[in-house]
Amino acid sequence: MTTQVNTVQGKIAAGDLGRTLIHEHVLVGFPGWFMDTRMPAYNRREAADRVVDAFQELKGHGVTTVIDPCPMDLGRDVELIALVSQRSGVNLICATGAYVESMGIPYTFNTLSIDQITDCLVKEIEDGVADTGIRCGVIKIATGEGVVSPYERKVLTAAAKAAKITGVPLISHTENCSCGQDQIDIACAAGLPASSLIVGHSDGRDDHPYQKAIADRGAYVGFDRFGLEMMISDELRMKNLKALVDCGHKDRVMVSHDTVNCWVGSYGGADPAELNKALPNWKMTHLFENIFPQLVAAGMSQADLDHIVIENPRRYFDEAAKAG
């Protein structure tokens, strides 16, 4: 049976996803973003035009699908995501789930049981978000640095249970390349195989043993912050990505940029526009314009790169559907 994937415009076959980026954001707003009245007012129409232009440029590089893993509590706007998909011609997959406790909105899920949280997530996958009819195609999970809080463990357990019920995969946020193994442990304890999980932001540190250990367990390793060089250089990301491929884990690597195409409010009290100016390569086309040519020059083949952006996303959804 052909795996069907929820996009914001309806279901498509996993085999039709094509060239896919697995971690890019249409819009992000941290909790209470509207309280920073110093920031410019949010103009949704202008934002939509600008984001559509960016996705059309990305489509010019042959990208046909993008996962937007924005969780419920980071300003998620599924109708805007659907509008961008319709106007750009790029398939977009939106997420249910919740963010890191310290940067999210933990009150409601703290008051609910694991089974009640599971029901909330399943509803957004099977019935759609609120009354939009837009169904989520991935579940976002997130953990803080160094230790998984009881709240995060609770939400992650519920997410794994929801993934098991629906056949939808998990995609994660980690802080500073930590707790990836914990995420796999918790998901597996809830009955989900590691192959249903992308351990996100695993490229945030020069740590090949950490990355290889995740791949060894069968989870996908997210090299998903190319261009975000205030944390680690792209040179080191490329070195570690190639090292994973060279040691036999081509099937377990995923790539993206974690770009934010539209910010609402501030980022850590600062104007996010300044962040974007300081990171000129933090854009969705960076992999295709700069990184892939350098990887080919370093000895990777174009066939390897196509495998990573076409075959691995398809398999990710196929494996999750079989686990459901």
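Ile-139 stands opposite Leu-170 in strand E7. Two strands count as paired if DSSP finds at least two bridges between them. Strand E6 (residues 138-142) and E7 (residues 170-173) run parallel and are joined by 4 bridges. This is a predicted model, in which local features need pLDDT of at least 70 and side-chain atom pairs count only at pLDDT 80 or more, while totals for chains, interfaces and linings use all residues. Residues are numbered from 1 along each chain as its sequence is written, and side-chain values use heavy atoms, with hydrogens and water left out.

**Sheet**

- An open sheet is formed by 8 strands in the order E3-E4-E5-E6-E7-E8-E9-E10, with parallel pairing.
- Helices (H or I, at least four residues) and strands (E, at least two) are DSSP runs, numbered from the N terminus.
- Strand E3 (19-21) and strand E10 (253-255) are the edge strands, and each pairs on one side only.
- From one strand to the next, the twist averages 30 degrees.
- Angles run from 0 to 180 degrees between N-to-C directions, with axes as lines fitted to C-alpha atoms, for helices over the stretch in contact.

**Strand E7 and the cores**

- Leu-170 and Ser-172 point one way from E7, Ile-171 and His-173 the other way, and all are buried.
- Buried means under 20% relative accessible area, exposed over 50%, and partly exposed in between (1.4 Å probe, protein chains only).
- The largest nonpolar core has 77 residues. Val-26, Phe-55, Ile-139, Leu-170, Leu-241, Val-255 and Phe-292 touch the most other members.
- Helix H5 (residues 150-166) gives the largest share of this core, 8 residues.
- A second, separate core of 15 residues includes Ile-93, Ile-171, Ile-198 and Met-254.
- Such a core is a set of buried Ala, Val, Leu, Ile, Met, Phe, Trp, Tyr and Cys residues joined through side-chain atoms within 4.5 Å.
- Beyond its neighbours within four places in sequence, Leu-170 is in contact (heavy atoms within 4.5 Å) with residues including Ile-139, Ala-159, Ala-163, Leu-192, Ile-198 and Tyr-316.

**Ile-67 in strand E4**

- Ile-67 is found in strand E4. Ile-67 counts as buried because its relative accessibility is 0%.
- Not counting residues up to four places away in sequence, Ile-67 touches Leu-21, Ile-22, His-23, Glu-24, Ile-93, Val-138, Ile-171, Tyr-316 and Phe-317.
- The C-alpha atoms of Ile-67 and Ala-298 are separated by 28 Å, and the two residues are 231 residues apart along the chain.

**Helix H1**

- Helix H1 (residues 44-59) has 16 residues and reaches 22 Å from its first C-alpha to its last, close to the 22 Å expected at 1.5 Å a residue. The expected span is 1.5 Å times one less than the number of residues.
- Ala-47, Ala-48, Val-51, Val-52, Phe-55 and Leu-58 are the buried residues of H1.
- They lie on the same side of H1 because they cover an arc of only 130 degrees around the axis. The arc is that of the directions from the helix axis to the C-beta atoms.
- The face of H1 turned away from its buried side carries the exposed residues Arg-45 and Asp-53.
- E3, E4, H2, E5 and helix H10 (286-297) pack against the buried residues of H1.

**Helix H10**

- H10 has 12 residues and reaches 16 Å from first C-alpha to last, close to the 16 Å expected at 1.5 Å a residue.
- His-286, Leu-287, Phe-288, Ile-291, Phe-292 and Leu-295 are buried in H10.
- They cover an arc of only 140 degrees around the axis, so they sit on the same side of H10.
- The cover over the buried residues of H10 includes E3, H1, E4, H8, E10 and helix H11 (302-323).
- Just after H10, Gly-299 takes a positive phi of about 120 degrees.
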